[in-house]
Amino acid sequence: MQPPGGFTELSLIARIARAAATRRSATLRLGIGDDCAILRPPRGHEILVTTDLSLETRHFCRDWLKPSISGVSAGHRTLARGLSDLAAMGAKPLAAFLSLALPAGVEAKWVDRFLEGLLALAKAHGVPLAGGDTAQAPGEYLLADIMLIGSAPAGRALRRSGARPGDRIFVTGALGGAAAELERLQQEKPVGGKGPHTFPEPRLAQGRALLRRRLASACIDVSDGLSTDLNHLCEASGVQATLDSASIPIHVLARGRLELALHGGEDYELLFTASPGTRVPRKLAGVAITEIGSITRRSARRPALLLDGELLKPGGWEHFAEARPGKSG
C-alpha cells in the first residue's frame, strides 16, 4: 500500500519536527525527538489537560475550501478547539501534542499547509508543539488529535460549577457567525476567504483576564452552541438561567438570525457568569463583553433555560447524533 503522501513514518516525523522547530523554554525542557517531552510547570500552578479529535467529514472537509487554504484552515481549527478549552478555564498554554492518522494518497503539500495553519496559531499564542504520534489511517479519511497542556494558579482555574442565583450571564464577541459560514460552505464549495468557522479565534487573553481579575464565577466556551453550553453550565452549577433575546450579540454573517446565535455552535466565544457586585468591563483584551441574562435558583417545576420567559430547549451540537459534515463540538 502506498504510504500517505509518499511519506515513511520517520520522514513524516522529521517533516513535523522541522516545521515545528521546537526549542527549549521556561516550561518546555525537551520537545520532539525523544520518547517523551519534559515540561516544567510554573511554581504554585496546577496542570490542565485537554484533548480534541478532528475527523475529516465530521469536523472538516478537505474539498470544501480552495486548495490554498484547505489544509491551513484544518490545522488552525484543530489547535483552536483545544486552545478554547484552556481559555474557558483561564489557563496559560504550555505545550501541544499532535497525533495524525493520514490516509493513503494524501498530498504532501496539504500536510505542509495543515502544519502551517496549526503552527501559525501556535506561534501567535506562544504554544510549542512538543510531540505526538503518526499513523496511516485505515480508510480514506484523515484524523487529527490535539492534546494541550496548560497551567493555572493552584485552586483558581475557572470552572462550570461556580454559578449562583443572582449572577449575571455574559458572553464575549458575537454569536452565530460560524454557523452562518458553515451554511455557505455547504452550499458554495470550494470557497476561499477567512471567517469565524474556517479560522476561529480562541479567547485565551480574555479567559486569563477573567481569572486574573477574578471576574467570573463560572465559565465555559461556546463550542456546541449557546443553548447547549449554557445548559452544561447550569447542570454543573445546579442552577437555572434566563436569557434576554434582544441582548444576545449576533454576528454580522448571521444577519439577525437568532436561531444561529442560540444553537449554531463553533463560535469559541466565552460564556461566563459574574456575581451581582462584580464590575464587568465592556471589553476584555479588545473583545466586546455583553450581558445577556441572569442565573436563578433551580426549581423542579421550571425548565433549566428560559428565553424571554419561555422554555428554551438546548438545540446545539450533539456528538452522537446524525453526522453533519464540517460541524464540530
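These notebook entries record what I looked up in this predicted model.

**Ground rules**

I worked from a predicted model in which local features need pLDDT of at least 70 and side-chain atom pairs count only at pLDDT 80 or more, whereas totals for chains, interfaces and linings use all residues. I number residues from 1 along each chain as its sequence is written, and side-chain values use heavy atoms, with hydrogens and water left out.

**Entry: empty space**

Rolling a probe the size of a water molecule over the atoms shows where empty space is left. I took a cavity to be a set of points, on a 1 Å grid over the protein atoms alone, where a 1.4 Å probe fits but cannot get out, and a pocket to be an open set with protein on both sides within 12 Å along at least five of seven lines, with lining residues having an atom within 4 Å of a point. Grid points are joined across faces, edges and corners, and a volume is the space filled by probe spheres set on the points. For the linings I counted Ala, Val, Leu, Ile, Met, Phe, Trp, Tyr, Cys and Pro as nonpolar, Asp, Glu, Lys and Arg as charged, and the others, Gly among them, as polar.

I looked up the second largest pocket, and its volume is about 330 Å³. Its lining has 17 residues, of which Ile13, Ile32, Asp34, Gly131 and Gly132 are the closest to the centre. Helices (H or I, at least four residues) and strands (E, at least two) are DSSP runs numbered from the N terminus, and on that basis α1 (9-20), β4 (92-102) and β5 (129-136) each supply at least two lining residues. I noted that β5 gives the most to this pocket, with five residues, and that the lining divides into eight nonpolar, five polar and four charged residues.

I then turned to the cavities and found two of 30 Å³ or more. The largest cavity has a volume of about 110 Å³, and of its 13 lining residues the closest to the centre are Phe60, Cys61, Leu65, Ser73 and His197. Its lining consists of six nonpolar, six polar and one charged residue, with the largest share, four residues, coming from α2.

The second largest cavity, at about 30 Å³, is lined by Ser54, His59, Phe60, Ala74, Arg77, Thr78 and Arg81. Here too I found α2 giving the most, with four residues, in a lining of two nonpolar, three polar and two charged residues.

**Entry: Glu56**

I located Glu56 in the loop between β3 (45-55) and α2 (67-88). Buried means under 20% relative accessible area, exposed over 50% and partly exposed in between (1.4 Å probe, protein chains only), so Glu56 counts as buried because its relative accessibility is 9%. Taking contact as heavy atoms within 4.5 Å, and leaving aside neighbours within four places in sequence, I listed Arg62, Glu140, Tyr141 and Leu142 around Glu56.

I also found a polar contact of 2.9 Å between the side chains of Glu56 and Arg62; the term stands for a pair of N or O atoms within 3.5 Å, where within protein one must be able to donate a hydrogen and the other to accept it, and residues adjacent in sequence count only if both atoms are side-chain atoms. From C-alpha to C-alpha, Glu56 lies 8.5 Å from Ala144, although 88 residues separate the two in sequence.

**Entry: strand pairing**

I counted two strands as paired if DSSP finds at least two bridges between them.

Strand β12 (residues 287-297) is joined by five antiparallel bridges to strand β7 (residues 168-172), where Thr172 stands opposite Ile289. Strand β9 (residues 239-243) also pairs with β12 in the antiparallel sense over five bridges, and Val239 stands opposite Arg297. I noted a hairpin of β11 and β12 with two residues between them, in whose turn Ala285 has a positive phi of about 50 degrees.

**Entry: positive phi**

Most residues other than glycine have a negative phi. I therefore logged Glu266, whose phi is near 65 degrees and which counts as buried at 1% relative accessibility, in the loop between α7 (258-263) and β10 (269-274). Asp308 has a positive phi of about 55 degrees in the loop between β13 (305-307) and β14 (310-311), and Asp308 is partly exposed, with a relative accessible area of 45%.
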